[in-house]
Structure formats: structure tokens, C-alpha cells
2 protein chains.
Amino acid sequence: MEISERKTKILRAVVDEYVAGAHPLSSQEIRDKHLPDLSPATVRSELSALEEMGYLVQPHTSAGRIPSTKAYKYYVDHLMTRRELSIEDAEYIRGYFEGKIMQVEDLVRRTAKVVSDMTNYTSVIVLNDIEKVRIKQIKLVDLTDGELLVVIVTDAGVIRDTTVNMDIDIGEGYIATATQLLNNIFTGHTLEEVEMPGSMIDGELSSFRQLFDNVIDALKRRTNSQVYLEGGSKILDYPEYRDIDKARNMIATFDNRDELASAMSMAEDIGISLKIDKDERGGIEDCSVVTARYSIGGKEIGKVGVIGPTRMNYDKVISVLNCINDILNEGVEDEQKE
Amino acid sequence: MEISERKTKILRAVVDEYVAGAHPLSSQEIRDKHLPDLSPATVRSELSALEEMGYLVQPHTSAGRIPSTKAYKYYVDHLMTRRELSIEDAEYIRGYFEGKIMQVEDLVRRTAKVVSDMTNYTSVIVLNDIEKVRIKQIKLVDLTDGELLVVIVTDAGVIRDTTVNMDIDIGEGYIATATQLLNNIFTGHTLEEVEMPGSMIDGELSSFRQLFDNVIDALKRRTNSQVYLEGGSKILDYPEYRDIDKARNMIATFDNRDELASAMSMAEDIGISLKIDKDERGGIEDCSVVTARYSIGGKEIGKVGVIGPTRMNYDKVISVLNCINDILNEGVEDEQKE
DNA sequence: ATTAGCACTCTAACGAGTAGACTGCTAACA
DNA sequence: TGTTAGCAGTCTACTCGTTAGAGTGCTAAT
């Protein structure tokens, strides 16, 4: 069913105002702020119609209207003004990335921080599962005391490192051999693809078995440290979460990195996708998550999510995410050129 | 002033019951549960006296008594039953540390988790400031693409690593020279002590200046990632934080790693120290922090803190901290023996 | 020193009553 | 036919008075 232009205008007004103020909109208020040429009565009949169509809801008889989930979806798909961020805002964002950034962890933290600060919602970043990252090279460093540092350089420029405690003696030759062996097995592959060579099981290479196991083991163990959260308390600023039990539920979800990561995993393939009002899922109500796949210098590194009340400022959030994504990619390209 | 035995008994009863139930204690209730041979009236006069002495407080005239801050202090110093953890509990804790743990980060996370899980309060671990850690050795690893991985092995067995982007060409010889140079400067010293050698400023070593700066810079930058929090939502389980604004304040404090670290910094020198009711400090009321210096295998690595309501179960918390500390140290000693 | 008895105080819960915020409907109007 | 004014109806949120109950402090008796 088609929505008339006037209805569209009213629907947009209700969403915008409700996002800003979190209180139901009356016919009067809509007239005063958005349609001064109409009478409240006319607005009322339009509101009735929009409610009939499922876009608006009345909390109770003598209250105004608030947008339904359907309204938010429609708003995001058809009504939203996809504006660019102002130059000042973009500059402000750039400020967060000033100074030398040498570690992925640092970069990711800053990104999470700026997303949260700019949007005033909670942000989450989940780095891609190590299983899918292509390994470029492996280096072994002898740390004496029988400790060996394993450095893995991956596709995304990410470096994961882990120390391995070796029972056997480590000599100069051992390291050279082991390095070559590991690189033969791992280089150019993802962790998913790698299999232990038969010769390692009980062949002549069985003495390297422990090392191999340790590397695999350590790589997999990193998984749950790859979730970054910023601005967890921000969600408590919104009246939807005045209720202490809802608040507690939300914060408990933030505590649980695994749950957070899985909530983020439904991000669509390309660009920005959003999941509105994922109700009924363990009591997380009135909550929306905007997710986007994120890349640095063209390489996808993970997903970023913005968690806020359903009446989120989707426009702003999406602008911010786009802007940061642009900055991240241009920045790294510059760096690569050097 | 001396406290009679009967007063002691009553004080302990009030603290214990209030910790468990969070509601004011009446003379009646104390009599029924702890002093069946007395009349409520007698208990009342004792309560009056204890209130006079500053150990008890009445929320309002017709309510029972609750412990004052002074009472908690007295309780911890004189009344607490410093019991050992049960064998089952100790075994349960051990379970958290099963499997290979090869990274300090992993170990710290697990420790934070088990502290929070066992006590049901929020736990924080702040690793010692890098400035104070003694550096054992530095290794450089060429990662190609002009990237250099700097591995720093420290006193506490902690390994901090960072990549450095070098403008100049890196040759085999360069790395060997640079490694030797860096080790001459850093090995055996703490970061605080290190100064840039004069020859690096404009002498024959000036080409290494960038590397030196990068190492210092990168080391210092790690600081705020060295704070680990677990069970942030747990504090919301306690009625003290039913008030949404208090809850928000608390969670906001958790979000701010720097603030958290500084709140933890007042830990006493040895053993377990606790800071009760650090009121008035930016609105964090009804909140206590138990802090302890933590070590692994005899080397101090940082501080652990337990954050909960003032009516915390100090007994349990301290037992758990002690037990975990023991396990951590014995575990590593075993490993070192091998 | 302890206790029973009692008057007193304060909270928390309940219910009635009220103001006011909006709506939906009806009837008039362009 | 679309728009509007007017009005009755409904629901919330707030206030206020009342009351039950919890617990104390005091006094006088044991």
C-alpha cells in the first residue's frame, strides 16, 4: 500500500521527534512543529490511518503515538536523509587517529572509542575469526629459558604472538629447521585449511609435533580476546533503560564477550546492515544494533557494531560509520604508498 | 574504649546479617537468631550503646540498625573469621586454570574471571606499570615490508611486543647492530632509568634514534590496555545499586580504564589492604574496594581489586584472593622446577 | 542488670480524588 | 469530499489523607 506524501511527512516527523525526545507525539505537537497549515484534527485522522497500517503505536489511549518497529525499518529504507558528516566532525574524528599507531589493537581500540564518542551509543568491534585469516609468514624467536616466541604475520597485517614453552633443548639449528617447517605448512593458508602432515604424527618430524600443536592451540585460544567494547555505560543514559533490570541485562550482555560476538555475527555481507529490535532474545528489548563490516586498506578485518535503543539516530550512526571507514582506508593506503 | 563481649557478639551479628540480607536489623531479629537468652529490650540498650559509640546507624527512627563504616573497619580488623576456603572451592578455582596457559594476558583474564565468579563481585586487575618493570632482553624481528617487531622480555616474564615502521632500509647487519645497541641501553634497567645516550642525539648513532624513540613510545603507549575487568554487571545485583543513577556512575567508572587504575593504585605495600567506603569521590558511594598486590611465582605482576557494595563479604573475598594467590604461585613454581 | 509494657515515630502501602493530556467522534463547513 | 471545531470520554500521573506495622526509647517493676 502506498503512503501519501502527507503521511510520509507525518511519519518522518514522528520518528525524528521520538528519536530526539523519547516521548509520544500528539497531533498538536506534530502540527505545531511540522505542519502549521493543518488542524490537529486532520493530523489525528492521518495518525489513525498510520496506526491502522502498522507504522504507529499508542502506549495507551490518551497518549500520543510512537513509531513501531515497522516504522523504523521504513524510515531507514526510504525516509532517512543520508547526509554526509560535517567537515568539522570529520576533522574531529581524524583527531582520534593522530600520532603513531603501530598495533592493530591500538587502532581497533581507538576506532571503537571514536564510534562510541561520536554517536553516544555503545560500540563493539569484533575482529574476524583467526580461522579465516591468511597467514603470510611465521617467525620463531628464542627467548632463552626454553621459551620460544611465535610471531604470526597475517593477511590483514595483524600480528598475533604467543610464547611456547618447549621441553626439549633449543639450538640454533632447531629454530632454523622449525621455522622452515612451520612456514611450509602455514604460509599462504588459513588456519582452517591447515592439516598436520603425516610425517609429523609418527614420522621423522615427530619431534616438532609439540611445537605444531602449540601454535595451533595458541592461535585458537585468542578468539575471545578479539572483542572490544567502548562506552558500555552510554546505553544507560537513555530512558528505555531506566528500568534497572533491563539495564542489568544489557550490561551483563556486554560482560559476555562470546554472546556479544555472536550477536554481531549476523552482519550482512557488504556495507551497512542493521538489525532492529531483536526482541525476545533473552530479554534484550528496545535495543537495536547497527553492524558494518570493517576494513583497513581494503582488507576486511572485522565487524563494528553500534548498540543503542531502538529509537536510535540511525542517520547519524550510519554517517559516522561511513566516515570512519573512509578515514581508516585512506589512512592506510597513504601509509602503504610510502 | 573497650567493647564488651556481648557487644562484640551483637556487632558481629549485625554485620553478618546485614551483609547477607541488606536490611536493617531489629532487636527482635538479633535476639531470635543470635542471643536467645536475652530479651529484645536488653539487646536494644546494647544497640543504643553501640550507636553511641559510632558503630551502628539508624536509617530512621523506627528502623533497625545497620553497620557504620567504622563497624566494617572494626569487623575486618578484629571480628572476621579468617577461614580457609573449602577444599571443593579450592579445587573449583583450580579448574579455571586448567589447560595450557602461555600468555600473561590469558592468565590474567582467567584470574579476573575466577575472582569475580567466586566472590560474585566485580573484579579488576591492573598490571604493573611498565615503567617499573625490569627489562631482561630485547629482540628485533624483521617482518619484511619495512616492519620491525620489537620483543621485550621483562622481569615478570611478561612479553610486550610492538611493531615499528622503519623508513630506512633494513639489512641483516642493521638488525644485529640495533639489537646489540638496544640491549646495551635497556637490559637490566627499568624504563624509568633509561636515558638516551648522547651519541644518539647527533653522534655517530643518530640513525638509530628513530628506533629508540619508537621503542620508548610504544612501550609507554601500552599502559591503558593493562587493565582487565570482569563481572561488571555483578554490582548491579545488589540493592545498593537499584538506583539507576548510581548504577550509571558505577558502570561509567568501569568504562574508564584510567580512572579504574588510579582507584586501584592506593593498594598497600604488602598483602591485602582494603579501602572501605571511598565516598564523596565523584559520586561513588556505598562502594568498597578490596585490593591486593598479586604475584606469580614470587614476582609481583600487578594489583587485583574486588569492587562491591560496602556491605561486602570481606571474609569470603579475602579467602578467595588468598587462595588464588597461593595457586598462582605454587603453579608457576612447579613449572619452573621442570 | 534485666525485662515487660506502652507510648511514640516513621515508613510504606493503599485508595480516592483531581488535573491535564489526547483521542475519537460528530456535525458543521468550504 | 476533505477539513475542522467542539466536546465527551479515557487514561495517566500526581497529590493527599489514612492506616497498618515495624521498631524504638522510656519507665517502672523484678
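About 760 Å² is buried between domain 1 and domain 2 of chain A, with carbon and sulfur atoms giving 75% of that area. Keep in mind that this is a predicted model. Here is a quick tour of that interface, followed by a look at the confidence scores.

**Who touches whom**
- Chain A is divided into domain 1 (5-79), domain 2 (87-128 + 225-337) and domain 3 (131-220).
- Domain 1 of chain A brings 8 residues to its contact with domain 2, and domain 2 of chain A brings 9 residues.
- On the domain 1 side, V19(A), Y72(A) and V76(A) lose the most area to domain 2 of chain A, and together they account for 57% of what that side buries.

- Helix 1 (5-21) and helix 4 (69-79) of chain A each supply at least two residues of the domain 1 side that touches domain 2.
- Helix 4 of chain A gives the largest share of that side, 4 residues.
- By type, the residues on the domain 1 side are 6 nonpolar, 1 polar and 1 charged.

- The average pLDDT of chain A is 82, and 78% of the residues score at least 70.
- Residues 278-283 of chain A have a pLDDT below 50, and beyond near neighbours in sequence this stretch has 10 contacts in the model.
- Residues 333-338 of chain A also have a pLDDT below 50, and beyond near neighbours in sequence that stretch has 1 contact in the model.

Definitions and conventions:
Residues are numbered from 1 along each chain as its sequence is written. Chains are lettered from A and ligands numbered from 1 in the order in which they are written. This is a predicted model: local features need pLDDT of at least 70, side-chain atom pairs count only at pLDDT 80 or more; totals for chains, interfaces and linings use all residues. Side-chain values use heavy atoms; hydrogens and water are left out. Domain bounds come from an automatic or database domain assignment. Contact means heavy atoms within 4.5 Å. Buried area is the accessible area (1.4 Å probe) that two parts lose on being put together, summed over both. Ala, Val, Leu, Ile, Met, Phe, Trp, Tyr, Cys and Pro count as nonpolar, Asp, Glu, Lys and Arg as charged, and the others, Gly among them, as polar. pLDDT is the predictor's confidence in each residue, from 0 to 100.
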